[in-house]
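Subject: Structure handover

Hello,

Here is the structure I promised. Please load it and keep it open while you read the notes below.

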Amino acid sequence: MFWRTKSHDSHASEDPALARTTSASKNDAAASADQASGTAWLAGHLNHLTPEQEEKLSEFKRVCSERGYYTAATEQSEGVEAKEPSHDDATMLRFLRARRFDVEGAWGQFKDTEDWRKDNSIKELYENIGVDSYEAARRMYPQWTGRRDRRGIPVYVFEIRHLNNKEMAAYNNTMSTGTPETHKSSTIPARLLNLFALYENLLNFVMPLCSSLPRPNPETPIVTSTNIVDVSGVGLKQFWNLKSHMQDASVLATAHYPETLDRIFIIGAPAFFPTVWGWIKRWFDPVTTSKIFILSAAEVKPTLTSFMEPSSIPKQYGGELEWQWGEMPNLDEPAHELLKDLEQEPIEGKTRKELLKGPVLFKGDTVEVLGTEDGKERRQTILVPQHRQNSESETEKESTETANGEAEANSAPVTEADKPIENVAVSVSEEAQTTSVAA
C-alpha cells in the first residue's frame, strides 16, 4: 500500500514459485500484465499451494503455536465453545511468502511483528484513534479509490505533490489531539501511529471487503493492494525533504505488514526522476523493485487498462472514474450494495453519498464502527444487507412453514386429537417403547 524498504531478512528474494517472467522482473509492464491476467500470480496463496507449501504452512503454524504466538481453531463440542484461530491462513502465508517459505525466517518476522503489535497496542490504536485525526492521515497518504483491478485487488492512489512543507506542518499539528490516551507515551511518532492505523484499515476493512466481492478467484482472499503513485508536479527539493519521512515509514511498514503490495505504477515522473530513483531504489529489495513500474505519459493509459477496467481508473489517468485526491472511496455497485448502510448523506456541493469516516472493521456479515469523537467512544455494529436479507428470508421461510403446517393440520382428515382417548394412550405408549428400543 505504501512505499517499501528492504524486508526483514536482507537476503530475502522472491519465492521461485512466485517468480515473474524474466522480462517482468526488468519492469516490463506488458509482461507483468500478462502474468496477472492468468493464474500464475496466485502461486503461494491460499488454495493455490503446492504439497510442499501446504506442509510448510502446517509446520509454520505448529512452530508458532509451540512458541506461544498462534492458537489453532477450536471446534464446537460438548462443553467447548468454537473459536476462530488467532490468525487466518492467508495472514500466515503472507509471512511465509515474504521469507520464501522458510519457516524459521517467517517465524522471526512473525514474532517481531506480534511483539511490536503488542508493545505498541496496534489493535487498540485502531479501535480508539480520533476520527478527525484518522481522517487527516487518510488525506495525506495513499487513498483507496473504492475500485478494484481485474483480479479484485483494491486500487490506491498517492499524489506526492500534496506532501509539501505547508501541508506536512498542518498535518503534524493535528497529531496530538487524535492520539488515544493509551498511546500518548508511545516511542513511535504520532504521524507514524496514524499511518499504521491506515494499514490496519487496509487489513481489517478494505481487504476483507474486497474478498467478499465478486472476482475471478473467490477461493483466495485478497491480501494485497495495487497503487498508482503520481509524482507529477514534485520538485527535487520536495523529494529530498520527504526522503527521511518516507524511509522511516517504509522500514516499519515493510517489517510488520509484509506481502501487502501487489504493484506500484509511478506516473508523471519529471526529467530528474532517475536521480531520485537512485536514492529510493536502495530502500527496496529485488522482489519489491520488480513490482514497481515507472510509466511514461504514453504508457499510463494502456498499462493501467491492462490491469483494470476503465471504470476503475480515475479520469485524470485516462479512465472513467469520477474520483479526485482527498475524496472518500467511490464504490462500485457490488461494494455499494454491501456498504450502503454505512454511507452518509452527500456533503455540501456533492451529489454522491460518502462512506462513514474513521476506522471500521468488515467482518463479512457485519461492519463494526470504531474510533472516538470528542473523546467519546464510537461503537456500532451494522448488519451487512445481504446477511440481513438472508436472515429475513429465513424468518419468512419459518413463518411460511409454520403457517403451512397449521393449515395442513386443520385440513387433515384425522389427527391424534380426533382419536378416542384410549387410542391416543396406546399410540403414545407404542411411541415410547419404540424410542426406548432405538435408544
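Is arginine 100 buried, partly exposed or exposed? Arginine 100 is partly exposed, with a relative accessible area of 39%. Buried means under 20% relative accessible area, exposed means over 50%, and partly exposed lies in between, with a 1.4 Å probe and protein chains only.

First, the ground rules. This is a predicted model: local features need pLDDT of at least 70, side-chain atom pairs count only at pLDDT 80 or more, and totals for chains, interfaces and linings use all residues. Residues are numbered from 1 along each chain as its sequence is written, and side-chain values use heavy atoms, with hydrogens and water left out.

**The H4-H5 loop**

Arginine 100 sits in the loop between H4 and H5. Helices (H or I, at least four residues) and strands (E, at least two) are DSSP runs, numbered from the N terminus. Phi of arginine 100 is near 55°, a positive value in a residue other than glycine. Phenylalanine 101 is in the loop between H4 and H5 too. Its phi is near 65°, again positive in a residue other than glycine. Phenylalanine 101 counts as buried, at 6% relative accessibility.

**The largest pocket**

The volume is about 1400 Å³. Some terms, on a 1 Å grid over the protein atoms alone: a cavity is a set of points where a 1.4 Å probe fits but cannot get out; a pocket is an open set with protein on both sides within 12 Å along at least five of seven lines; lining residues have an atom within 4 Å of a point. Grid points are joined across faces, edges and corners, and a volume is the space filled by probe spheres set on the points.

The largest pocket is lined by 38 residues, and Ser86, Asp88, Thr91, Leu203 and Asn204 are the closest to its centre. Elements that give two or more residues to this lining are helix H4 (89-98), helix H5 (103-119), helix H6 (122-128), helix H10 (190-211) and strand S8 (360-362). H10 gives the most, with six residues. By class, the lining has 17 nonpolar, eight polar and 13 charged residues. Ala, Val, Leu, Ile, Met, Phe, Trp, Tyr, Cys and Pro count as nonpolar, Asp, Glu, Lys and Arg as charged, and the others, Gly among them, as polar.

**Cavities**

The whole structure has six cavities of 30 Å³ or more. The second largest cavity has a volume of about 230 Å³. Its lining has 20 residues, and Tyr134, Arg138, Asn201, Met328 and Pro329 lie nearest its centre. Helix H7 (131-138), S1 and H10 each supply at least two lining residues. H10 gives the most here, with four residues. By class, this lining has 14 nonpolar, three polar and three charged residues.

**The five-stranded sheet**

The order is S1-S2-S3-S4-S5, in an open sheet with mixed pairing. Two strands pair if DSSP finds at least two bridges between them. Strand S1 (143-148) and strand S5 (292-294) are at the edges with a single partner strand each, so one side of each has no neighbour in the sheet. The twist averages 20° from one strand to the next. For such angles, axes are lines fitted to C-alpha atoms, for helices over the stretch in contact, and angles run from 0 to 180 degrees between N-to-C directions.

Strand S2 (residues 154-159) and strand S3 (residues 225-230) run parallel, joined by five bridges. Tyrosine 156 has asparagine 227 in S3 as its bridge partner. S3 and S4 also pair in the parallel sense, over six bridges. Isoleucine 228 stands opposite phenylalanine 265 in S4. In strand S4 (residues 261-267), seven of seven residues are buried.

**The three-stranded sheet**

This open sheet has the order S8-S9-S12, with antiparallel pairing. S8 and strand S12 (380-383) are its edges, each with a single partner strand, so one side of each is left without a neighbour in the sheet. Strand S9 (residues 366-369) pairs with S12 over four bridges. The bridge partner of valine 367 is isoleucine 382 in S12.

**One last item**

Valine 251 is in helix H11 (residues 236-256). At 45% relative accessibility, valine 251 counts as partly exposed. Valine 251 and phenylalanine 284 are 33 residues apart in sequence and 9.8 Å apart in space, C-alpha to C-alpha.

Best wishes
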